[in-house]
Amino acid sequence: MSSRELILGRVRRALADVQPDDTPYEQAVPRGYLREHGDLSVEETVELLAENLADYRAIVHRTDTAGLAGTIAGLLAAHGSSTVLVPPGLPQEWLAATETARVADRVESTPDELDQVDSVITACALAIAETGTIVLDGSPDQGRRRITLVPDHHICVVRVPDQVVSSVPQALERLDPTRPLTWISGPSATSDIELDRVEGVHGPRTLEVVLVAPSVD
Amino acid sequence: MRVALFLTCVNDTLYPDTGRAVVKLLTRLGVDVDFPMGQTCCGQAHYNTGYRHEAEPLARQFSDVFREYEAIVTPSGSCGAMVRELYPRMGERARAEGRGDTLARTLAPVVPKTYELTEFLVDVLGVTDVGAYYPHTVTYHPTCHGLRGLGLGERPRRLLQAVKGLELRELPGADECCGFGGTFAVKNSDVSAAMGADKVRNAESTGADVLCAADNSCLMHIGGTMTRLRTGMRPVHIAEILASTEEEPLG
Amino acid sequence: MSGTFVGMPAFPKAAHEAVHNTTLRGNLRHATHTIRGKRAKAVMEMSDWAELRDAGKRIKDHTLRHLDRYLVQLEESVTAAGGTVHWAADADEANRIVTYLVKATGESEVVKVKSMATQEIGLNEALEAEDIHAYETDLAELIVQLGKDRPSHILVPAIHRNRGEIRDIFAREMSEWGRPAPEGLTDSPAELAEAARLHLREKFLRAKVGVSGANFMVADTGTLVVVESEGNGRMCLTLPETLISVVGIEKIVPTWQDLEVFLQTLPRSSTAERMNPYTSTWTGTTDSETADGPSTFHLVLIDNGRTDTLADEVGRQALRCIRCSACLNVCPVYERAGGHAYGSVYPGPIGAILSPQLRGTASEIDASLPYASSLCGACYEVCPVAIDIPEVLVHLRERVAQGGPATEKGNKVVLKPAKGHAAERAAMRAARWALSHPGALRTGQRLASRTRRLHPRTLPGPGKAWSASRDLPAVPAEPFRDWWQRTNGGRTNGGKQEGTK
């Protein structure tokens, strides 16, 4: 007998007390919890996102579409970055104001090569206000997972308010599980020394989130 | 209202003062108290040590002795929790073992009418000021089975706050276990003693004269630790504080 | 489980040393008290915590009640997404499978994400025996591995170490394993984290094989989820060419939607954060054009005692556990005894009910674990999937003391009572007899009262366990029932309250 059959057989014998008419999944779980916490306006939700991102030491910037390229150029300059990783589908105009050398997200790049790059800039799939989380799903404007991991400085652009959801349940509804997802809440951190949080371990130690609103013109 | 006092075997044997205090207090509040002589033990020690089958006859006996009363009052959070929480579970387990509904049916009548003393005072009699007088500084330790098993919440503290002359001091780390835990106190005596010592140190830090709780088993452990550590604090059951009056002061 | 725990003494003996180790006591007290307040605050933010807890419990219960169906569905989903599923009945089989898979890549080292399952099966030791080096990359696991130590906490395996001790371990050991610790390393947590970053980076960048566990596996999509903080998980899950995930069969949830419960309750319960810094989800492998992450993915599903646990109607709730470690952090026994005393990779209250079920109650340590609790109930109160740990502890005490039906490796057995409980059993039976006869109880009480002047405040022999640290209460002049009868319930003369102490 294969171990598969062995284990499944053990499971079935272990569950001999479970009746065939046991409550089906749809009725077994009462979902009395909230879809979102509080009744915030769109502006307040974006505000909450900014607060919670900052609470976990992400650096938050606010701008509008017209100001985005300038903001990004300023961030790269301030960080002293001479190279920046760019996913293939990143809107060209975002980088219109910077001279920083672009490095493409390529299959062939080795981790060591990625480690030489100063910064990475991406869009995101969505952001969650209640938890201060940005989610990347590997779309062309976000690139492969490793490009937002190895460089030490990540700039992530969130289009507000369209990409902002209030809560974790709302986020899961909008995300595609077949895509590899990375949920990011602040820069890398650890609680492993005396159960107290310290920022800055293996992931990017600086996370800058740019909340970009549509320009009013 | 015909109320039975379920004193518990520990109180009956070692802490008769607590029993007399409950009688005095309830009588003062107009309750007709009876002490059925057939009572012994709820079976908690057996059950929690892994001897459920030895606890069953004791539970049946409890039901036989107390089932005819309108209410059953006990000055012990853990024995109260035994009846209210664990008697139904014993019935369920017997059923799951193919022994039918007999045990569950036997125990069912006593479950809803068993009250820990402070619950009975606040919820059934509807009083928080019981007319007590106790001119001492007191800190209150909520015992685990009262706190988390029965959900006594603020009841004991509300009763204490209404006592004339009593100054209530907050106990740091109040909801942490004192380390008694029945046979835990001897099976894991090192950890139990360490927990007890920490509880006593927290109690001392309040500067109170008296540590009050609603369970003498825990007080036996805490009190035994207090005298060993020569703290000068005294353990006192809440019933004795609530029974104390200006005319007849206790403790 | 891990060979490092074989032959552990019973809990009380191991705890005896820990209780008197003041450094350890201080470290544990500091860490657990720090996190307790924070957890409470993170949970208070959620007005629907009770509903989330209930939903989490029910999702897990439902999944466990239909585990065969969900396992098959998971296998189909993972396979359809390009992964390969392996089944391991026990630790040895799981280790053989992983060793084989690593050897097939031609590599001799792997990087590891913190995983309770691989600790449980002793994977590192098994790989080492085949000349494959496994590098732990979680900071706390690294501290344990470099210190040749044993884990003592589910979330923070090095919780028993303070910053000064960690500094010393890094300064002394890092050079043996790779990049040495920076010169003049201090004990500031930020510097220690930086030292770990530098030390591990070369290993991440060259790694070809990653080994992980998973927090959740979604049956309907075949998605695996790893919840972490440092980014070492992301490194191991995305940079290597081959990923091998070793996961207990109870880690399934039926649907993607179910994650909305656990991704809210897990971070707040474990690190007291609204959300942990990084969560990775992946579904099989990506196509060669996307080429995001490992091109080869193996999922090793392990039983290793889980189906035996599942067979116990009371004990099976332990399989709901999502390894948050909130129960450890609030446990007064854990705080004083430390994690090592539990003799298992699963310490604390959850370990006390999980280890004796996964491993059975035959060994001295496993038979002692159900008693390693005062039954205070703090663990149950904080558990985000409402495992009634005291209920299971008492149930397992019964198994140890009385024996009875159990399941071992899939076979129904009837256990004999454990050794060393005969005297206790006799005493319990005698007490039950006396307590069933009020007259007998009364005789005993009177005897005690009459001889009370002779009673010592401390006890010799087995009674020393009590009186080594506590005085005995004085026996009163008469038991309550005698007073009641003598005074007609205090209604006659003698009923006047009188001091008896």
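User: How many residues of chain C are in contact with chain A, and how is such a contact defined?

Analyst: Two residues are in contact if their C-beta atoms, placed from the backbone, lie within 7 Å. In this predicted model, 80 residues of chain C meet 63 residues of chain A on that basis. For local features the model must reach a pLDDT of at least 70, and side-chain atom pairs count only at pLDDT 80 or more, while totals for chains, interfaces and linings use all residues. Residues are numbered from 1 along each chain as its sequence is written, with chains lettered from A and ligands numbered from 1 in the order in which they are written.

User: Which helix gives the most to the side of chain C that touches chain A?

Analyst: Helices (H or I, at least four residues) and strands (E, at least two) are DSSP runs, numbered from the N terminus. Helix α10 (residues 189–206) of chain C gives the most to that side, with nine residues. For the make-up of the side, Ala, Val, Leu, Ile, Met, Phe, Trp, Tyr, Cys and Pro count as nonpolar, Asp, Glu, Lys and Arg as charged, and the others, Gly among them, as polar. The side of chain C that touches chain A then has 39 nonpolar, 24 polar and 17 charged residues.

User: How do I read the packing of α1 of chain A with α4 of chain C?

Analyst: Two packed helices are described by the angle between their axes and the distance between the axes. The axes are lines fitted to C-alpha atoms, for helices over the stretch in contact, and angles run from 0 to 180 degrees between N-to-C directions. Helix α1 (residues 3–14) of chain A and helix α4 (residues 67–80) of chain C pack at about 150 degrees, and their axes are 9 Å apart. α1(A) is therefore roughly antiparallel to α4(C); angles under 35 degrees count as roughly parallel, over 145 as roughly antiparallel, 65 to 115 as roughly perpendicular and the rest as oblique. Leu8(A), Val11(A) and Arg12(A) on one helix meet Leu67(C), Asp68(C) and Leu71(C) on the other.

User: Which pair of chains shares the most contacts?

Analyst: Two pairs of chains are in contact, and chains A and C share the most contacts. Chains A and B do not touch, with their nearest C-alpha atoms 10 Å apart. Chain B does meet chain C, through 61 residues of chain B and 54 residues of chain C. On the chain B side, α11(B) gives the most, with eight residues. That side divides into 26 nonpolar, 23 polar and 12 charged residues.

User: What does the radius of gyration say about chain B?

Analyst: The radius of gyration is taken over C-alpha atoms, and the globule rule to set beside it is 2.2 Å times the number of residues to the power 0.38. For chain B the radius is 18 Å, close to the 18 Å from the rule for 251 residues, so chain B is as compact as a globular protein of that length. Its C-alpha trace spans about 55 × 45 × 30 Å along the principal axes. Chain B holds 13 helices and eight strands. Of its contacts with a separation of 6 or more, 77% join residues 24 or more positions apart.

User: Which domains does chain B have?

Analyst: Domain bounds come from an automatic or database domain assignment. For chain B, the assignment gives domain 1 (2–124) and domain 2 (137–243). Their C-alpha centres lie 22 Å apart. The contact takes 26 residues from domain 1 of chain B and 22 residues from domain 2 of chain B. The domain 1 side has 11 nonpolar, nine polar and six charged residues.

User: Is Lys60(C) buried or exposed?

Analyst: A residue is buried if 20 or more other C-beta atoms lie within 10 Å of its own, exposed if 12 or fewer, and partly exposed in between, again with C-beta atoms placed from the backbone. Lys60(C) has 26 C-beta neighbours inside 10 Å and therefore counts as buried. Lys60(C) sits in helix α3 (residues 49–65) of chain C. Apart from neighbours within four places in sequence, Lys60(C) is in contact with Arg320(C) and Val385(C). In chain B, 63% of the 251 residues count as buried.
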